[in-house]
Amino acid sequence: MQSRWSRYTVYGSADVEQTVSTIVREVAVRVDKTVPSEHLRCLVLFGGYGRGEGGVETQGEKAVPHNNLDFLVITKKVTRKQQADYQRQVNEAVQPVRERFGVGVDLTAISDKKLKSAPSLVMWYDMRFGHKTVLGDANFVPSLKHFDLSKIPAWNVRDLMVNRGTLIVINDFLLDELDSSLSEKGRRSIVKHAMKAIIGYGDSLLFFLNDYDWSYCKKQARMKDHTRVPPEFQRLYEEAISFRFQPDYSSYLQRDLTEWMDELRETLKPVHLSCEQKRLGKPSLTWSEYFDTALRHAMFEDLGSARGIAKKARNLMRREAIGRHRPLTARLGGRSVGLTGCVPIVFPVLSFFVDDERLRFLAGDLLGEVVSTPRELRRLYLQRWGMHGDTNFNSFLRDHAMSVEAEPQEVGV
């Protein structure tokens, strides 16, 4: 079975490879028992271990898998209700595997019909070329030829960059809320988030430099040799990729994490602007022009499909209170993408300019609520992020016993 699926890690020992293979085998057995064969197209392992590039951490004298294992349960001939039921049932079925091995196992159910009509996004392109079919039709995922690098929309790569960059905002929230009471688990989360953010920015930069690849080993080599990337960022990306393959938290946990996040933001800021200059087709774009330019541009994104046009029309008809103080064209652009589309445009304020009172007002205006302090804006952004960006963020908050709801105001007596 292991030879059929090849390696799961770059540097893992035979023991680690066997452990991952056992987890995969147990998940396969449980999915096979849960989803009838007439409704299962295939079960796919994707992400790091699907690529053969999963991480391995040494704990004491033992090497163990570091990342979550990501599975896609691809169904066929199912109703919407059946699809939802299978999503719930397979996650319940593999819970004993999570508990036994102490690793994250993420399963998502999606229909073959939906995948066949899905746009070419980064995650689907990566999956097409970096996966292992564990059960079922091994020809299905390779047949999805519309998941092509040349067809990935630039806005999707921008969203990837913001998705990863928001992890730094979450780090700021953790450091601000917990401060000296931050546990080792919380500190490890901050380190992992920082590494993911660096990699996300590097991946986005490679895309806009026409040098992206689904493999992290190839991206690592391309970044190292690239002549158009600042040496400081090349060094950071190399460090983060090495951490991804063989994480060692010890030196990072000794750092002043607040100071480290400040340093990271200064390094990532020009990378973010450079990517947006390329995405928006404005090589001389400055931060002062960025927000209205990005909002106007949003009006014309994703118009290549009837679905994209209909979505913009629905958003415009809702008349949400978005960008009421922006110029008309920028306001229409913001309304056309709704709060979901405004979140990534607001992100640079949170990450790079949160102390700028004028830009805080702009961010609150786009998110539909007036805020007066950096802390209030961070809470508002993360609320919106939990609703419109990453719904898994709410699970993270519960795991750390935290909330981004506004703090109750004291009432005088």
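The model is a prediction, so local features are reported only at pLDDT of at least 70 and side-chain atom pairs only at pLDDT 80 or more, while totals for chains, interfaces and linings use all residues. Residues are numbered from 1 along each chain as its sequence is written, and side-chain values use heavy atoms, with hydrogens and water left out.

Let's start with the sheet. Four strands form an open sheet in the order 5-4-1-6, with mixed pairing. Here, strands (E, at least two residues) and helices (H or I, at least four) are DSSP runs, numbered from the N terminus, and two strands pair if DSSP finds at least two bridges between them. Strand 5 and strand 6 (132–136) sit at the edges with a single partner strand each, so one side of each has no neighbour in the sheet. From one strand to the next, the twist averages 20°; angles like this run from 0 to 180 degrees between N-to-C directions, and the axes are lines fitted to C-alpha atoms, for helices over the stretch in contact.

Now for the pairings themselves. Strand 1 (residues 40–46) and strand 4 run antiparallel and are joined by six bridges; L40, for instance, has T75 of strand 4 as its bridge partner. On its other pairing, strand 4 goes with strand 5 (residues 105–111) in the parallel sense, over seven bridges, and D70 stands opposite D106 in strand 5. Strand 1 is also joined to strand 6, by four bridges, and these two run antiparallel. In that pairing, V44 has T133 of strand 6 as its bridge partner. Helix 4 (residues 80–93) packs on the sheet and touches strand 4 and strand 5, its direction making about 165° with that of strand 5.

How much of the sheet is tucked away? Buried means under 20% relative accessible area, exposed means over 50%, and partly exposed is in between (1.4 Å probe, protein chains only). Six of the seven residues of strand 4 (residues 69–75) are buried, so this strand is largely enclosed by the rest of the structure. Strand 6 is largely enclosed too, because four of its five residues are buried.

An α-helix has 3.6 residues a turn, so residues three or four places apart point the same way.

One of the residues in helix 10 is Q220. Q220 is buried, with a relative accessible area of 14%. Leaving out residues up to four places away in sequence, Q220 touches Y237, E238, I241, S242 and F245, where contact means heavy atoms within 4.5 Å.

What about the nonpolar cores? Such a core is a set of buried Ala, Val, Leu, Ile, Met, Phe, Trp, Tyr and Cys residues joined through side-chain atoms within 4.5 Å. The largest one has 89 residues, and F233, W260 and Y381 have the most contacts inside it. Helix 9 gives the most to this core, with twelve residues. A second, separate core has 27 residues, including V20, L43, V97 and A109. Back to W260: apart from neighbours within four places in sequence, its contacts are V191, A194, M195, Y252 and R255.

R379 lies in helix 18 (residues 374–388) and is buried at 8% relative accessible area. Although R379 and F173 are 206 residues apart in sequence, their C-alpha atoms are 8.0 Å apart in space. L362, found in helix 17 (residues 357–367), is buried as well, at 5%. Leaving aside neighbours within four places in sequence, L362 is in contact with F291 and R326. L362 and K185 are 177 residues apart in sequence and 35 Å apart in space, C-alpha to C-alpha.

Finally, the cysteines. With a disulfide taken as a pair of cysteine sulfur atoms within 2.5 Å, the count comes to zero. C275 is buried, with a relative accessible area of 0%, whereas C217 counts as partly exposed at 31%.
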